[in-house]
Amino acid sequence: MNYYFYAYLRNPKVTLHRGNCRFCNDGKGMQPKKLGYITGHWKGGYPSFELALEAAHRISQRLGIEPVYCQRCLSQKMELS
Ligand SMILES: [Zn+2]
């Protein structure tokens with residue numbers, strides 16, 4: 001299982017996902033071709049959640065925000081924060 005996160009650039013937000021999440025789709029997202037513009041980018045896959053979280057924290061700090069977990073695939077990981 002790989003882990004990913006998505007960094008929105010317009011409205012800074014970093015969301016962590018599992019690779020098998022339907023929103024993540026192994027870093028490809030839901031409908032990559034339907035978006036006519038770039039809203040952000042996927043990072044991953046990281047072999048462990050801890051590595052993904054560490055990288056997400058680094059980017060989030062740069063954006064001045066806190067990373068969040070996908071409600072659908074990572075809600076049971078909330079205790080790690
Ligand atoms: Zn997800």
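This is a predicted model: local features need pLDDT of at least 70, side-chain atom pairs count only at pLDDT 80 or more; totals for chains, interfaces and linings use all residues.
**View 1. Strand 1 and its two partners.** Strands here are DSSP E runs of at least two residues, and helices are H or I runs of at least four, both numbered from the N terminus. Strand 1 runs antiparallel to strand 2, with six bridges joining them; strands pair if DSSP finds at least two bridges between them. Ala 7 sits opposite Val 14 of strand 2. Strand 3 (residues 40–46) is also antiparallel to strand 1, again through six bridges, and there Trp 42 is the bridge partner of Tyr 6.

**View 2. The largest nonpolar core.** Such a core is a set of buried Ala, Val, Leu, Ile, Met, Phe, Trp, Tyr and Cys residues joined through C-beta atoms within 7 Å. Buried means 20 or more other C-beta atoms within 10 Å of a residue's own, exposed 12 or fewer, partly exposed in between, with C-beta atoms placed from the backbone. This one has 14 residues, with Phe 5 and Leu 16 among those with the most contacts inside it. Strand 1 gives the most, five residues.

View 3. Arg 18 counts as buried because it has 22 C-beta neighbours inside 10 Å. Met 1 is 17 residues away in sequence, but 7.3 Å away in space, C-alpha to C-alpha.

Technical notes: Residues are numbered from 1 along each chain as its sequence is written.
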